[in-house]
Amino acid sequence: MSPPLMRLRDREWHSPASQRFVDQGDRFIPTRSLMNLDFARSSLMRQPRRAGATVDLPEILTPKEEYRRRVEENWTLDSQGKPLKMLVFRGSPRKSHPSVLMVDEMLKEEREPPRSIRRIRHLPQSADRILDGPELIDDYYLNLMGWGKSNILAVALGRSLYLWNAAGSTVQLLLTTDADDHPTSVAWSVDGKMVAVGFASSKVEIWDAVALQQVRILEGHLARVGSLSWTWNMLSSGSRDASIINHDGTVLLLLLRSSVQKTKGTNAIVCAVRSFRRVSSKLRAHTGEVCGLKWSCGGDLLASGGNDNLVHVWESSKMGSSKYLHRLTDHRAAVRALAWCPFQPKTLASGGGTADQCIKIWNAQTGRCANSINTCAQARRSRTQTAWHDVDAV
């Protein structure tokens with residue numbers, strides 16, 4: 001059976017918009033769009049002649065007079081050489097123009113690809129909000145802040161980790177460590193409900209940001225954990241021991257809203273959690289601290305940056321072999337800032353430290369550098385936006 005638009009096409013309905021070119025005008029009302037308004041105005045502004053009066057033109061006209069005479073002659077004739085009418089009451093006959101079907105116009109609009117509108121990005125010149133950060137550790141190789149999908153900022157200050165809700169400007173204390181330990185990295189899960197925290201003691205803790213409860217403790221590193229990155233079914237951690245550990249399994253947090261019980265004015269939320277299984281894989285390719293980790297938006301590629309000035313790109317399907325897809329060697333300093341393009345999934349941005357001061361754009365399929373931007377400063381953190389046309393050095 002033919003589509004509805006093709007069935008309508010057989011009825012030969014004409015578009016009202018196309019009538020504008022076919023049968024325009026009225027018998028008694030002049031049509032303004034068909035008038036020569038310049039000629040009409042000139043005719044009205046000219047000095048009227050008396051009845052029966054004639055104008056005697058000299059035999060020899062000046063160039064200005066001859067030009068004026070020719071202009072007036074051309075104005076009094078239309079494109080077909082006929083006398084031009086000041087008031088036009090009816091358009092050209094229908095048979096002189098091709099017929100346009102309404103369905104043809106609708107089909108043409110469907111076939112035309114939508115036009116992409118490029119929005120101009122305006123960068124603010126001043127901070128929207130300034131927060132106090134006492135005891136914020138000044139260490140380039142640590143990742144002490146993370147912004148979750150729920151618009152909550154997790155920031156490590158000294159031995160404590162706080163959650164700042166941007167919507168209500170509220171602050172909650174999530175955890176506080178012992179005197180001989182402190183957080184060294186923070187990363188939110190993809191859904192924004194779980195937050196992973198790496199510590200100087202080489203452990204990784206998983207916390208439920210809704211119930212403010214610890215879910216799991218992960219071990220395996222021999223030194224501090226300075227970088228973390230989530231994908232839907234895996235958490236990767238990078239350490240000063242130059243290794244990357246991929247923790248397999250999915251943390252499921254089921255908030256049983258139907259079982260919420262009010263006790264002493266508070267809501268007791270019942271949680272069911274499936275913990276991580278054992279370490280899925282351990283990667284060793286860097287010779288220095290792994291200070292940058294970032295999973296691609298599709299979860300098929302992992303980028304790692306290290307204090308050895310190298311960037312490695314790993315395939316999720318080949319994590320067990322410890323064989324990287326690409327080794328990128330163009331940076332001249334430690335690489336901590338990593339970001340994947342959301343609409344070009346094989347495009348990676350990496351930023352180097354003080355001795356490098358460059359942000360490089362890579363093609364992850366070929367391993368080639370597509371562009372290099374000198375920022376005149378160390379790139380501490382790269383962030384991707386919905387409209388990813390550049391990489392911000394924060």
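**Figure 1. The largest nonpolar core of the predicted model comprises 16 residues.** Within this core, Leu161, Leu163, Leu174, Leu175, Trp188, Val195 and Val197 touch the most other members. Two or more residues each are contributed by strand 2 (152-157), strand 3 (160-165), strand 4 (170-176), strand 5 (183-188) and strand 6 (194-199). A second, separate core of 11 residues includes Leu301, Val335, Leu338 and Ala364.

**Figure 2. Surroundings of Leu175, a member of the largest nonpolar core.** Beyond four places in sequence, Leu175 touches Arg159, Ser160, Leu161, Pro183, Val197, Phe199, Glu205 and Trp207.

**Figure 3. Glu289 forms salt bridges with Arg224 and Arg240.** The side chains of Arg224 and Glu289 meet at 3.0 Å, N to O. Arg224 is located in the loop between strand 8 (213-218) and strand 9 (225-231), and Glu289 in the loop between strand 16 (279-284) and strand 17 (290-295), so this pair ties together parts that are 65 residues apart in sequence. Both Arg224 and Glu289 are buried. For Glu289 and Arg240 the N to O distance is 3.7 Å. Arg240 belongs to the loop between strand 10 (234-239) and strand 11 (243-248), so its pairing with Glu289 ties together parts that are 49 residues apart in sequence. The relative accessible area is 6% for Glu289, whereas Arg240 is partly exposed at 47%.

**Figure 4. A salt bridge joins the side chains of Lys318 and Glu315.** The N to O distance is 3.5 Å. Lys318 is partly exposed, with 46% relative accessibility, and Glu315 is partly exposed at 23%. Elsewhere, salt bridges that share partners join Asp139, Arg224, Arg240 and Glu289 into one network. The count of salt bridges comes to six.

Figure 5. The end C-alpha atoms of residues 283-315 lie 12 Å apart. This span is 58% strand and 0% helix.

**Figure 6. Thr329 occupies the loop between strand 20 (326-328) and strand 21 (335-340).** Thr329 is partly exposed, its relative accessible area being 48%. The C-alpha atoms of Thr329 and Leu310 are separated by 5.3 Å, although the two residues are 19 residues apart along the chain.

**Figure 7. Residues 92-97 and 250-277 have pLDDT under 50.** The model has 11 contacts beyond four places in sequence for residues 92-97 and 47 for residues 250-277. Where pLDDT is low, predicted coordinates should not be read in detail. Over the protein chain, the mean pLDDT is 76, with 62% of residues reaching 70 or more.

Notes
Residues numbered from 1 in each chain as written. Predicted model: local features only at pLDDT ≥ 70, side-chain atom pairs only at ≥ 80, totals over all residues. Heavy atoms only, no water. Core = buried A, V, L, I, M, F, W, Y, C linked by side-chain atoms within 4.5 Å. Buried < 20%, exposed > 50% of the residue type's maximum accessible area, 1.4 Å probe, protein only. Helix = DSSP H or I, 4+ residues; strand = E, 2+ residues; numbered from the N terminus. Contact = heavy atoms within 4.5 Å. pLDDT = per-residue confidence, 0-100. Salt bridge = Lys/Arg side-chain N within 4 Å of Asp/Glu carboxyl O.
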